[in-house]
Structures are given as structure tokens and as C-alpha cells.
Amino acid sequence: MTRSPKNSQLPTRSARQVFEDHLRLRLQGRLEEDLARNYAADVVLLTVNSNDCGHDALRNSARRLREQLPGAKFELIKKQVRERFALLIWRATSARFDAADGADTFFIQDGLIRLQTIHYRLLLSADY
């Protein structure tokens with residue numbers, strides 16, 4: 001563990017630890033706990049639909065994803081972490097749409113996600 005620059009007595013989680021905690025909490029549907037524990041209050045969110053910051057931006061993005069993919073089953077295809085950066089490649093299936101080519105990137109510093117980008121392509125579900 002690295003030490004926080006503000007207080008050398010307080011340990012800071014690594015980017016990998018923050019990233020893995022984020023993924024675990026999201027897959028469990030624990031959005032608020034994830035926001036409180038893993039995201040900076042002024043986190044920047046960049047997507048095709050959003051250029052915003054803060055926890056409300058992430059809440060809106062999560063709501064939009066739930067509406068597009070109700071009851072979705074997510075598959076995490078590939079995870080990469082290097083220093084302060086992380087990449088997640090994913091896809092999801094739902095009764096309404098499928099998400100293909102999902103890619104989220106993260107900038108993680110001092111134990112918090114400071115930037116997240118999200119991209120995915122919606123396809124009409126074969127079951128719809």
C-alpha cells in the first residue's frame with residue numbers, strides 16, 4: 001500500500017484494490033456504497049451522453065444503463081491495471097437490448113476514482 005500525501009500515517013488503497021472493489025460492489029448492485037468508498041466527490045464522467053462530474057453524474061449513468069438493460073447479466077471480458085489507470089472490457093445481455101463492445105477506463109489516484117469514461121454499443125436483443 002502507498003501512503004496518502006496529505007497524511008503519511010494513513011494508507012491509501014492501490015488502483016487495483018479500488019478497481020476490484022468498484023467492480024465487486026457494482027455487480028452486487030451496491031451503487032451508493034461504491035460511490036462513497038471508491039469515487040472522488042468531483043469525479044469526472046465522460047460518455048457519449050455525458051460530460052459531467054460528481055456522484056449524481058454516476059447515478060444518472062447507472063439509471064440510464066438499468067433502463068436500457070433491465071435485469072442485465074454482465075460479463076467482464078478483460079481487466080487491465082497499470083499504475084493509476086484501469087481498463088474494463090465488458091458486455092451485457094438483457095431481455096430488451098444487449099450491450100456489445102463495452103469499455104470503461106479509469107484514472108485512480110490517492111485511493112479514489114477521479115475519472116471514468118464509458119462506451120458501449122446497444123443491439124436489439126435476440127429474445128426481444
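**Legends to the close-up views**

**Overview of the chain.** The protein chain exposes about 7800 Å², and carbon and sulfur atoms supply 51% of this area (Shrake-Rupley method with a 1.4 Å probe; for residues, only the protein chains shown count as cover). The model is predicted: local features need pLDDT of at least 70 and side-chain atom pairs count only at pLDDT 80 or more, whereas totals for chains, interfaces and linings use all residues. Residues are numbered from 1 along each chain as its sequence is written, and side-chain values use heavy atoms, with hydrogens and water left out. The protein chain has 3 helices and 8 strands, which follow one another from the N terminus as β-β-α-α-β-β-α-β-β-β-β. Helices (H or I, at least four residues) and strands (E, at least two) are DSSP runs, numbered from the N terminus. Of the 128 residues, 37% count as buried (under 20% relative accessible area; exposed is over 50% and partly exposed lies in between, with a 1.4 Å probe and protein chains only). When contacts (heavy atoms within 4.5 Å) are taken between residues at least 6 apart in sequence, 43% of them join residues at least 24 apart.

View 1. Six strands form an open sheet with mixed pairing, in the order β4-β3-β8-β7-β6-β5. Strands β4 and β5 (73–82) are its edges, each pairing on one side only. Direction ignored, neighbouring strands of this sheet are turned by 15 degrees against each other on average. Helix α2 packs on the sheet and touches β3 and β8, its direction making about 105 degrees with that of β3. Helix α3 also packs on the sheet, where it touches β3, β4, β5, β6 (85–93), β7 and β8; its direction makes about 55 degrees with that of β3. Axes are lines fitted to C-alpha atoms, for helices over the stretch in contact, and angles run from 0 to 180 degrees between N-to-C directions.

**View 2. Strand β3 and its two partners.** Strands of a sheet pair through backbone hydrogen bonds, either parallel or antiparallel. Strand β3 (residues 39–46) pairs with strand β8 (residues 112–124) in the parallel sense over 4 bridges; two strands count as paired if DSSP finds at least two bridges between them. Strand β4 (residues 51–53) runs antiparallel to β3, to which 3 bridges join it. A hairpin of 4 residues connects β3 to β4.

**View 3. The buried face of helix α2.** L31, D34, L35 and N38 are buried in α2. Seen down the axis of α2, these buried residues fall within an arc of 105 degrees, so they line one face of the helix (the arc is that of the directions from the helix axis to the C-beta atoms). The elements that cover them include α1, β3, α3 and β8.

View 4. R24 and D21 form a salt bridge (a side-chain nitrogen of Lys or Arg within 4 Å of a carboxyl oxygen of Asp or Glu), and their closest N and O atoms are 2.5 Å apart. The two residues are 3 residues apart in helix α1 (residues 15–27), which means that about one helical turn separates them. An α-helix has 3.6 residues a turn, so residues three or four places apart point the same way. D21 is buried, with a relative accessible area of 10%, whereas R24 is partly exposed at 36%. R24 and D21 belong to a network of salt bridges that also links R13, R30, E33 and R37.

View 5. E32 forms a salt bridge with R59, with 2.7 Å between the closest N and O atoms. This pair links distant parts of the chain, 27 residues apart: E32 lies in helix α2 (residues 31–38) and R59 in helix α3 (residues 55–68). E32 is partly exposed, with a relative accessible area of 42%, and R59 is partly exposed at 27%.

View 6. The side chains of R121 and D101 meet in a salt bridge, at 2.5 Å from N to O. R121 in strand β8 and D101 in strand β7 (residues 97–109) are 20 residues apart, and the pair links distant parts of the chain. R121 is partly exposed, with a relative accessible area of 40%, and D101 is partly exposed at 45%. The whole structure has 12 salt bridges.
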